[in-house]
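Thanks for sending this one over.

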Amino acid sequence: MPSALRTARCMLALSLVACAASGFLLTPHVQMAAWLHPIAGGMQVGIAALLVCGRAPEATATALAIARSLAGRGEWAESVRLREEIARRVRDRRQRADVYFELGEAWEQHLGRPDLALEQYMVSFMCEAGSARTLDRLEALYRHYNMHHDLLSAWGAAVSYAERSGDLERATELLQRRSAYLAEEMQRPEDAARALRHALTLQPGSAAVMDALAPLVPRIPDELALHCLWLHARTLDAEARTALLAQRPWSRLAAMLDLSALDVAGSAPPARS
C-alpha cells in the first residue's frame with residue numbers, strides 16, 4: 001500500500017477519535033468516514049467509526065460498508081478483522097447473523113480456513129434460529145470433515161427451532177434429511193426410523209415420510225414399524241387404509257395392527273420401541 005494512502009487512513013481514523021473526545025457531534029464524523037473510505041478507507045477508519053459512535057446504527061452501517069469495500073478490493077484479512085470488531089458490538093440478532101455469516105464465508109472461501117468458518121457459521125445459525133442458509137453451510141463442512149455427531153446436533157437444533165416457530169413442514173423435511181443420513185452414511189436404521197417417527201408425530205399424514213420409512217422396515221423392530229404405521233393409518237379413510245395395508249412392507253404388519261382401535265379417539269398406539 002502506498003505510504004501516502006496509509007498515512008491518510010491513519011490520520012482520518014485519529015481525527016474521528018479526536019472529534020469524539022472533544023465532544024463534537026458524532027454522526028457527521030461517521031458520515032465523513034462513509035464519504036472518504038473509498039479513497040482513504042481501511043480497517044482503521046472502520047474501527048474509528050465504531051469507537052466514535054459505539055453501537056449506534058450509523059456507525060455499524062458505515063463500518064460494514066468499509067468492510068465490504070475492503071473485501072471488494074481483495075483485502076480479506078483487514079475485512080475480517082473489521083467484521084470481528086463489528087460483531088462484538090452488534091446487538092440486533094439478524095444483523096449479528098449476517099455479520100457472522102459473512103465472516104464464515106470469508107474464512108471458508110477466501111482465506112482457506114474452513115475450520116474457522118465453522119465457528120462463525122454456528123454463531124450465525126444460533127442468531128437466526130436455525131436458518132436454512134447457515135445450516136446448508138454447516139452441513140457441507142460437517143460432511144467434509146466427517147463430523148457426524150456435530151451434523152446430527154445441528155439438525156436436532158434446527159428441528160427444535162422449526163417446531164417452536166410452528167413450521168412443522170420445515171421440521172419434517174429436516175427430520176427426513178437426518179433420517180437419510182443416519183440410514184445411509186452411518187448405517188443406523190433404527191435411529192433413522194425414530195427420526196421418521198418423530199416426523200409422523202408432527203405430520204402423521206405425510207406420504208413422503210412413509211415412503212422414506214418403507215425400505216427401513218425390514219431392518220428395524222416390528223414394534224417401531226407398527227407405531228409409525230399406526231400414526232399414519234389413523235389419518236387415512238377406509239379405502240386408503242386398505243390400499244396401504246395391502247402394500248409391502250406394510251402387508252406383513254397388518255395382522256399385528258388392531259384395526260378396530262384406529263378410529264377410536266384416544267386409543268393407545270402400539271408399544272414404543
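1. A salt bridge here is a side-chain nitrogen of Lys or Arg within 4 Å of a carboxyl oxygen of Asp or Glu. With that in hand, look at Arg 194 and Asp 191, whose side chains meet in such a bridge at 3.3 Å, N to O. Arg 194 and Asp 191 are 3 residues apart in helix H11, so about one helical turn separates them. Asp 191 is partly exposed, at a relative accessible area of 28%.

2. Salt bridges with shared partners also link Asp 136, Glu 139, Arg 143, Arg 170, Glu 173 and Arg 177 into one network. The structure holds 21 salt bridges.

3. Glu 190 and Arg 194 are separated by about one helical turn, because they sit 4 residues apart in the helix. Glu 190 is partly exposed, with a relative accessible area of 28%, and Arg 194 counts as partly exposed at 28% relative accessibility.

4. Please keep in mind that this is a predicted model. The protein chain has a mean pLDDT of 81, with 73% of its residues at 70 or more. Where is confidence lowest, and where is it highest? Helix H2 (residues 27-40) has the lowest, at a mean of 45, while helix H11 (residues 189-202) has the highest, at 98. Over residues 16-41 the pLDDT is below 50, and this stretch has 45 contacts in the model beyond near neighbours in sequence.

5. Helix H6 holds both Arg 94 and Asp 98, 4 residues apart, or about one turn of the helix. Their side chains meet in a salt bridge of 3.8 Å, N to O. Asp 98 is partly exposed, with a relative accessible area of 23%.

6. How far apart are the end C-alpha atoms of helix H7? They are 20 Å apart, which agrees with the 20 Å that its 14 residues (114-127) should span at 1.5 Å a residue. Buried residues in H7 include Leu 116, Leu 118, Tyr 121 and Phe 125. Among the elements covering the buried residues of H7 are helix H6 (93-110), helix H8 (132-144) and helix H9 (148-164). Ala 129, which follows H7, has a positive phi, near 55°.

7. Ala 132 is partly exposed, with a relative accessible area of 36%. Its C-alpha atom is separated by 9.6 Å from that of Arg 170, 38 residues apart along the chain.

Conventions. Residues are numbered from 1 along each chain as its sequence is written. This is a predicted model: local features need pLDDT of at least 70, side-chain atom pairs count only at pLDDT 80 or more; totals for chains, interfaces and linings use all residues. Side-chain values use heavy atoms; hydrogens and water are left out. Helices (H or I, at least four residues) and strands (E, at least two) are DSSP runs, numbered from the N terminus. The expected span of a helix is 1.5 Å times one less than its number of residues. Buried means under 20% relative accessible area, exposed over 50%, partly exposed in between (1.4 Å probe, protein chains only). Contact means heavy atoms within 4.5 Å. pLDDT is the predictor's confidence in each residue, from 0 to 100.
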